[in-house]
2 protein chains.
Amino acid sequence: MYDLVIVGAGSGGYEGALYAHRRGMKVALVELSPETVGGNCLNRGCIPSKYMRHGAYLIDKFAKLKDYGVELKGYEVHMAPLKAGRDRVVFTIRENFKKFAQQIGIPIYYGKGVLKDSHTVEVQPSGELLRAKFILIATGSSTMSIGSLVPDGKYIYDTDQIWSLEDFPRRLLIVGGGAVGVEFAYIFRMYGSEVVLVELKDRLLPSPDIPEESSRYLARKLKRLGVDIRLRTTVESWERKSSGVRARLSDGSEVEVDFILLGVGRKPNTEGIGLEEVGVELEERGFVKVNEHCQTSIPNIYACGDITSPLMLAHKSMYEARVAINHMLGEGHMKRDERIVPKVIYSAYEVASVGLTEDQAEEEGYEYKVGVVSFVPNPKAMDDGENEGFVRLVVSEEGELLGCHILGPHAGELIHQVVHLMKAGLKADFLSTSMYSHPSLSEVIVQAGMEVHFGPITWAKRH
Amino acid sequence: MYDLVIVGAGSGGYEGALYAHRRGMKVALVELSPETVGGNCLNRGCIPSKYMRHGAYLIDKFAKLKDYGVELKGYEVHMAPLKAGRDRVVFTIRENFKKFAQQIGIPIYYGKGVLKDSHTVEVQPSGELLRAKFILIATGSSTMSIGSLVPDGKYIYDTDQIWSLEDFPRRLLIVGGGAVGVEFAYIFRMYGSEVVLVELKDRLLPSPDIPEESSRYLARKLKRLGVDIRLRTTVESWERKSSGVRARLSDGSEVEVDFILLGVGRKPNTEGIGLEEVGVELEERGFVKVNEHCQTSIPNIYACGDITSPLMLAHKSMYEARVAINHMLGEGHMKRDERIVPKVIYSAYEVASVGLTEDQAEEEGYEYKVGVVSFVPNPKAMDDGENEGFVRLVVSEEGELLGCHILGPHAGELIHQVVHLMKAGLKADFLSTSMYSHPSLSEVIVQAGMEVHFGPITWAKRH
């Protein structure tokens, strides 16, 4: 009898297992195979893509080297060492986790975990039955295809298959201008591929959580780097050619590419694991219904991550796992809260958002103010040759931090300053009085706090 | 009659002028010359050195390129474009500030500002008298020489003179293993110079505010890069040679170098500006005595920055300027607080500290706990090929955040997460429940919070 059995050893599952162990629970994990420990994020998602993105970023920086007195004699790119380095990172993290779980006594059962009743998980096909006081479902999500664009790993790749690529494409078509699309567009472009990026909507990163300014800045830089961006455009049909694919786009044009990469969303893995059979209620779109403690309709069964909402981010799952475990332990101080989930995209810029955009604040009926400070005059950003971008801080009339949107250098780390303050319920006036080191990129955040608290510096305000 | 006259347009002075203007005060600046606006930090300190350090960092990263599938054909370094790029950043910031001050109506009087009485500053040599309700002294600090090591800009450089260098030295001797010394050692080494670095004390960065671990890590990497570090060593004598300098060190050895660079501390600029004449009290070492509101012994005269304490950091001055101005406006909510001043060093690693080290916590009689988390297994750090370093979080028995010490990637930005939380009085349990994006470097900070709040994950803790 375990205190907790977790179905799925992805980000939420393994973070949850470590946290439950830390809190004194007897915990076990169920995961499909030794090769899938770590889930999508580790094996086919954020970890390998961030590795390749870092390589792309380093190549991107070459253009600045002359300003630092460094004259390059030229360079060549090769997929094999990039792939090897990337796969080594993934392998190391995965094996370290398994080794550590074994050392501290967290068993991992390999197979498909299926609920038999509210206290029993069956591991298939072995048939082993795991009994537990609590169960946490953390089964993640799967890639989707659209229409005739069915991934085959040859003409059409999805984000499960792209990792097997043995060479950089001469030319590729990316379908979907969301996080996956803009990330791979940058990666392949910097490694020398010609990239066509099509997006159905009228902007890149077409999420209501991300302000249009971020989309515009990113599109401008990707274009400058040579990415062929087609908005309001879809793939109408495609056909195999001797050396790749010919696709007809809705704008009437045709493109010939080595292959098509799909980045078009994911669906929750909630089928065939006994959820409905034991009475766990699902929403229409297949997500598990959970309350603010990540509890499902069956009180001792919890769910976290990609199966609880369309906000499919590894850290949302990791956070929800901790929320669920705290509640199992009788503590309710951490709650599910999608407003404080940072959304970070690593493309030609780092793009980070937390909380409400201005549009969302307006829709929710807030009287709001915005503090906008550019990275352009920031001394550290100038020193680093990366002074493009902005911080937009959205604040209610009462000074409540409603949201923050950063595009620019290290946005993915800087955003956490605001995440912490939002979670702590601190207001803009706090940010306007805080300390920052000089020169630092962080100055821009404190300046945005001052901007919104005191108003901008203008001649008009003076006497 | 001005509301406020600020003597010195360095970091504290110009930040103070903008802040005072923002808060509705009629403010004027006095600065030696148009070329010194921005002070030491901008013209001869952190801004130009961070520029060169970024170039060094980019060269340092070349060693990792092969792991990202990038094969360099070689490179050459040239001082002229490095110097031009660096000077362009400094010039741009300085001119932008002057232009902006003019646009919004902040006059800058050029000359030496000398107090005539508690409400009057004389600009010398013009003799113009500026009357003000409040005066803020922000005159900064100057380089020092030691013994026979007197800077001449040919055989011996200090940090006022090093910027005129027209070429990289073949070999140089740096005296002082503090922030200046370790920064230039890294810069010159990466640009190809042979570097000997001598430090009187038994470690680099020999400040009680910086933990020994940071010194050790940094020394290890600098050595790996080929810097010849000599601890417990001084320069006993030196002589001119046909092509540079021969120096005899206290370890008995001799080194022949192109020149010597001094990085051995600074003294406050408090002489000859009328402080004592109008009754502003000084401490023994020449610092201005100020209270927690940065008020001197003359109630309407305030002081900020390098002249208030040996913690000579631009952002301490900028913060103190705001503290002083708030107090002039009858607001006392911001106070001088050296504990929340982040100290950031940019060398072969970024090294950042805020608050107490473990040794200091012990000296102050705290029962304390430490959460130590390494960057080694951090997925984002692994992706970026920069997973060396640590976060050390020092926390009282009651959970108070006493200090944080980060060595590793982007430490200079990451530290602000803890600066904000310390300032807000939040505790380690808050940090243990906050959200972070995955993968991010920031995870290490939240993990350090968990480590210190729940204790480390070990087999022993389990049941």
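Which residue in E24(B) is the bridge partner of Ser353(B)? Hold that for a moment. First, a caution: this is a predicted model.

Now the answer. The partner of Ser353(B) is His405(B). That bridge belongs to a longer pairing. Strand E21 of chain B, residues 350–355, joins E24(B) through 5 bridges. The two strands run antiparallel.

E24(B) has another partner. Strand E23 of chain B, residues 390–396, pairs with E24(B) over 6 bridges, again in the antiparallel sense. Here Phe390(B) stands opposite Leu407(B). E23(B) and E24(B) form a hairpin, with 4 residues between the strands. In that hairpin, look at Gly399(B): its phi is positive, near 95°.

Val121(B) sits in strand E7, residues 120–124 of chain B. Val121(B) is buried: 28 other C-beta atoms lie within 10 Å, and the cut-off for buried is 20 or more. What touches it? Set aside the neighbours within four places in sequence. Then the contacts of Val121(B) include Val5(B), Val7(B) and Val30(B). Gly113(B), Val114(B) and Leu115(B) are also among them. Now take Ile6(B). In sequence, Val121(B) and Ile6(B) are 115 residues apart. In space, they are 9.2 Å apart, C-alpha to C-alpha.

Over to chain A, and a helix. H5(A) covers residues 179–190, which is 12 residues. From first C-alpha to last it reaches 17 Å, close to the 16 Å expected at 1.5 Å a residue. How many of its residues are buried? The count is 12 of the 12, so H5(A) is largely enclosed by the rest of the structure. The buried residues include Glu183(A) and Arg189(A), along with Phe184(A), Tyr186(A) and Phe188(A).

What covers them? Helices and strands of chain A. The cover includes helix H3 (46–61) and helix H6 (212–224). It also includes strands E11 (171–175), E12 (194–198), E17 (259–262) and E20 (343–346). Just after H5(A) comes Gly192(A), with a positive phi of about 105°.

Now put the two chains together. A rotation of 180°, with 0.0 Å of shift along its axis, superposes chain B on chain A. The RMSD is 0.0 Å. The two copies are thus related as by a two-fold rotation axis. The same surface serves both copies: 100% of the contact residues of chain B recur in chain A.

How many residues does each chain bring to the contact? Chain B gives 86 residues, and chain A gives 86 residues. On the side of chain B that touches chain A, the elements supplying at least two residues each include helices H1 (11–22), H3 (46–62), H4 (79–104) and H8 (314–328). Helix H11 (411–424) of chain B is another. H11(B) gives the most to that side, with 10 residues. By class, the side has 43 nonpolar, 27 polar and 16 charged residues.

Last point: strands pair between the chains too. Strand E4 of chain A, residues 75–77, pairs with E3(B) over 3 bridges, in the antiparallel sense. Where does Tyr75(A) find its bridge partner in E3(B)? At Leu72(B).

Methods: Residues numbered from 1 in each chain as written. Chains lettered and ligands numbered in written order. Predicted model: local features only at pLDDT ≥ 70, side-chain atom pairs only at ≥ 80, totals over all residues. Pairing = 2+ DSSP bridges. Expected span 1.5 Å × (residues − 1). Contact = placed C-beta atoms within 7 Å. Least-squares fit on C-alpha atoms with pLDDT ≥ 70 in both. Nonpolar A, V, L, I, M, F, W, Y, C, P; charged D, E, K, R; others polar.
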